[in-house]
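Hi everyone, thanks for coming. I'd like to walk you through a structure, so let me bring it up on the screen.

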Amino acid sequence: MSQQGSGEERTEQPTPKRLREAKEKGQVPRSRELNGTIVLMIGALGLMMLGSTLVEDLASIMRDALSIERARTMDPAALVQQFGMVIGKALWMLSPLLALLVVAAMTGPVSMGGFSFSAKAIAFKAEKLNPIKGLGRIFSAKGLMELVKTLAKFLLVAVVSVLLLWSLRTELLSLAHESLAQALSHAGTLFVWAFMALSSVLILVAAIDVPFQLYQHTKQLKMTLKEVKDEAKETEGRPEVKGKIRSLQREMSQRRMMDEVPTADVIVTNPTHYAVALRYDREGNGAPKVVAKGADLIALRIREIATEHGVTIVSAPPLARALYATTELEQEIPAELYVAVAHILAYVYQLDAARAQGGEEPPSPTDLPVPDEFK
């Protein structure tokens, strides 16, 4: 297993970021065996489908090319024109087959590593001209594997070719007793089927090579545990940076929360450790909501803003602790606290009415019905 200079082994699977960077550099899994097999198979299928048409078109082109007036053979311009016409017809005749082969050539790479174009991969690198590194690649484990694959392909194709020739010996010998047209047609059919059989044999080689190439690609990109941790730090940010961001987010959240305090109906306090601001929409159907809450210094600031804006402050320690612990900002209070909060709101409304009329202020509510599990 490969190691870094520190001796740490590459035991971790490559992260998505590592895979993405490798793809940007053109380092994606590729199998030449798969590519070659697909091209040969598609080519054989194309010949099976278009073979008769290609033969007829080829015969037509040959007739046209050989049927030329004697006078034109003395004219260089006419010969060039005739040659261009033949080439144009041949390209047009072969275009369906060539299109199939182009699609086949793209199918193999895309099916393994996806479409990838990297300018870095085709950029000039002086180290590629280093003969020592070149020899190192040739005599490496990967080079040995390529040699084994090549020999295996050669032996496999050779054995299958001998078997095919042996199985078709009777038909091949019978071609001599057929007419020229029939023999050509028969030979073409035998060639196409033999070509398809030889191409199919390479599927076995590709089936072995594809998993090997995927394994090699993953192995080359494996990371050490330190690399994974360093990448996580770079991706998510350094702890001190994340701490600063969280601090700024808390400050912004607190500023928004403090802006809601003047809109509250009442501030329920501990009286000094906790402060919870409640707002109730009398015309709506919902329960009262917590629009601000805090402990210690934040609680003090909530009380100060409430005093500045004339928001009623009620000391109810059990209820304040229960609201602070159970309800988040902009959430409705729990159903278990409805009755206790209703007592507080009723007191606030009575207090506002007494102040407006100049009457005697009602006494602050005591012994609020807060369930024991919320105290």
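**A loop glycine and its surroundings**

Let's start at glycine 286, which sits in the loop that runs between β2 and β3, the latter being residues 289-295. Before I go on, please keep in mind that this is a predicted model. Is glycine 286 buried, partly exposed or exposed? Its relative accessibility is 34%, so glycine 286 counts as partly exposed. If we leave aside residues up to four places away in sequence, glycine 286 touches Tyr280 and Glu332. Along the chain, glycine 286 and isoleucine 333 are 47 residues apart, and 9.8 Å separates their C-alpha atoms.

Now let me zoom out for a moment. The protein has 14 helices and four strands. It is 375 residues long, and 29% of those count as buried. Take the contacts between residues at least 6 apart in sequence: 72% of them join residues at least 24 apart.

Next, the strands. β1, residues 266-269, pairs with β4 in the parallel sense, and the pairing runs over four bridges. If you want a spot to look at, find isoleucine 267, which stands opposite isoleucine 313 in β4. β4 itself covers residues 312-315, and it has two faces. Which residues are on the covered one? Those are Thr312 and Val314, while Ile313 and Ser315 are on the uncovered face.

On to helix α13, residues 317-326. Its buried residues are Leu319, Ala320, Ala322 and Leu323. Why do we speak of one side of α13 here? Because these residues cover an arc of only 165° around the axis, they lie on the same side of the helix. As a reminder, an α-helix has 3.6 residues a turn, so residues three or four places apart point the same way. And what do the buried residues of α13 pack against? Their partners are β1, β2 (274-279) and α14 (338-357).

Most residues other than glycine have a negative phi. Aspartate 296, though, has a phi near 55°, a positive value. You'll find aspartate 296 in the loop between β3 and α12, which is residues 297-308. With a relative accessibility of 48%, aspartate 296 counts as partly exposed. The other one is glutamate 330, where phi is near 65°, again a positive value in a residue other than glycine. Glutamate 330 belongs to the loop between α13 and α14. Its relative accessible area is 42%, so glutamate 330 is partly exposed.

Rolling a probe the size of a water molecule over the atoms shows where empty space is left. In this model, the second largest pocket holds about 440 Å³ of space. It is lined by 13 residues, and the closest to its centre are Gly51, Val55, Leu184, Ser185 and Gly188. Two elements each give two or more residues to that lining: α2 (32-66) and α9 (180-221). Which of the elements gives the most? That would be α9, with seven residues.

Notes
Residues numbered from 1 in each chain as written. Predicted model: local features only at pLDDT ≥ 70, side-chain atom pairs only at ≥ 80, totals over all residues. Heavy atoms only, no water. Buried < 20%, exposed > 50% of the residue type's maximum accessible area, 1.4 Å probe, protein only. Pairing = 2+ DSSP bridges. 1 Å grid on protein atoms, 1.4 Å probe; cavity = no way out; pocket = protein on both sides within 12 Å on 5 of 7 lines; lining within 4 Å. Points joined across faces, edges and corners; volume = space filled by probe spheres on them. Arc of directions from axis to C-beta. Contact = heavy atoms within 4.5 Å.
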